[in-house]
Amino acid sequence: MKLIPPFRDELMFGRLNRMFTLSGYSASEFCTLLWGNRKVSIHPYLTVGLADLEHLTSENKEKLLHDTLFPIFMYFNPSRASTLMNFCMSGNASQAFRYTQLPSYKLGSLLILKYCSMCAEDDVYRFGLAYWRTFHQVPGISACCIHSTKLKWIPLDRRNRFSRDLIPIPKADIEPCSATELKVSIFALRIIRALKDNKQLPTLAHAYRERLVELELVTQNGSVRRKQLNDVLRESFESFSQPFDCNRPLELEAENAFVNRRLLQRPTGHPLQHLILLTSIFDSVDDFLLYRCQQVTQKNTYKGSEAKLETRELCTKLLKSGTSLNAISKKTGKSRCYLKTLASLEKIPINRFPRVVTEEMTQAVILLAKKGFHRDYIAKETRLSVGTVEQIISQTSGLALLRKAIHKQSLKRKYRLKLLRQLRSDDALSRSALIRKLNKECHWLYRNDNEWLNLTLPSPIQPCPIGKVRRK
């Protein structure tokens, strides 16, 4: 048995259903033939187990993956992309469904397939039958970007979902969609096709941040102007009707995690929320697809111990060349704190603005730290922050261990003195009473100065045996 060739943008489930219709097998026999289990449950747009279908066609499993919606979920959830890929290929449907975060936005008890009746009419005229398109199945999409009409839907209530009657219905009622719904649908189609053609798309966090800077929605300190962004998003949310495949209502969440997670380094969330945000801040889909892409950082390119060494050598080379810390951080993915520490260890002078920590101040901090002064006192004397003092101490070889030993000796002298004073004030105090009175000090000395403690404590009182009692 061979997998039949697909139509353009055809859904993998629809392709399998056409194959089931032509095979003549029952649904259980067909599932047993493909996956070895007659009770297998097939998800309509998150179909897993693609590695088991690779031998039925000349296409590789990566190409079969683009006939599902996994690529768009992986693009909008980059931190979970590799995990989703593993679950998809291995056939772990429950974990794949969980990592897409769909249970957070819909109940999942009812699965549907969406279609455009005008697309179905065109398919019947051109090919003799209608088929299910991938970009229509994006959760939350309610419009066809080709004919500007609202989509219809059919529920799926069987375990294996296969049915010979499961085809799009042409000549159904046509209802026009809003401009926002059409724009969101166009973004979904173009992004899915770009991913299928292996085109390089912009990094989401970088695109969001840079675009908001262009729209003057970011302050000089890097904070997002949330009130102005709310005004931009409100129009899109109000004109977008509640999707029939999302049980959770759409809300304007710019004040909370909706914008925060998408403007930071790890965007996540429902694809529909990303699509609405993209349509709100970009004029057209071409503006987004042609947006300048962030360079792949060395942190993501290198792996293992060799990668760490190469990254350190690259950072050292850039620091010696006089490149700014911001430029090095963007190119290598390393933080400014890491770069400052590396420059201090390699004795590389860097231009800091404002220029606060000089070499004289650094030596003064080291001198006071070696004498055992507390970091708060050192910060007050040198007029530096406590964090800067801690950074200088951690960068100086052996200084942290020296301060730890000084602190231990200080505690030892302090606890010894308290114990001796207590003994002088009350000579008749027993060993157990002394330990109860100075519990913390005695236990610390027991762990760190056991020999001195045993010599100093009063001698233990010998137990007095009780004689036998004669009963009459």
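## A strand on the inside

In this predicted model, strand S1 (residues 111–115) is largely enclosed by the rest of the structure, because five of its five residues are buried. The cover applies to both faces of S1: Leu111, Leu113 and Tyr115 are buried on one side, and Ile112 and Lys114 are buried on the other.

The partner to look for is strand S4 (residues 152–156), which pairs with S1 in the antiparallel sense over five bridges. If you want a landmark in this pairing, find Ile112, which stands opposite Pro155 in S4.

## The chain as a whole

Stepping back, the chain has 24 helices and four strands. Of its 472 residues, 43% are buried. The accessible surface comes to about 27,300 Å², and carbon and sulfur atoms account for 50% of that.

In soluble globular proteins, nonpolar side chains tend to be buried together. Here, the largest nonpolar core holds 83 residues, and the members touching the most others are Trp35, Leu53, Phe70, Phe162, Ile191, Leu275 and Phe288. Helix H8 (residues 179–196) supplies the largest share of this core, with eight residues. Apart from this core lies another one, of 14 residues, including Leu411, Leu423, Cys442 and Trp452.

Leaving out residues up to four places away in sequence, Phe162 touches Phe13, Leu16, Asn17, Phe20, Phe30, Cys31, Trp35 and Ile42.

Is Asn17 buried or exposed? Its relative accessible area is 4%, so Asn17 counts as buried, the cut-off being under 20%. Beyond its neighbours within four places in sequence, Asn17 is in contact with Arg161, Phe162, Ser163 and Leu166.

Thr47 sits in the loop between helix H2 (27–35) and helix H3 (61–65). Thr47 is buried too, because its relative accessibility is 1%. Which backbone oxygen does the side chain of Thr47 reach? That of His43, at 2.9 Å. Setting aside neighbours within four places in sequence, the contacts of Thr47 are Met12, Phe13, Ile42, Thr68, Phe70 and Cys88. One of these, Phe70, is also among the residues that touch the most other members of the largest nonpolar core.

How values were computed: Residues numbered from 1 in each chain as written. Predicted model: local features only at pLDDT ≥ 70, side-chain atom pairs only at ≥ 80, totals over all residues. Heavy atoms only, no water. Helix = DSSP H or I, 4+ residues; strand = E, 2+ residues; numbered from the N terminus. Buried < 20%, exposed > 50% of the residue type's maximum accessible area, 1.4 Å probe, protein only. Areas by Shrake-Rupley, 256 points an atom, 1.4 Å probe, with all protein chains shown as cover. Contact = heavy atoms within 4.5 Å. Polar contact = N/O pair within 3.5 Å; in protein donor to acceptor, adjacent residues only side chain to side chain. Core = buried A, V, L, I, M, F, W, Y, C linked by side-chain atoms within 4.5 Å. Pairing = 2+ DSSP bridges.
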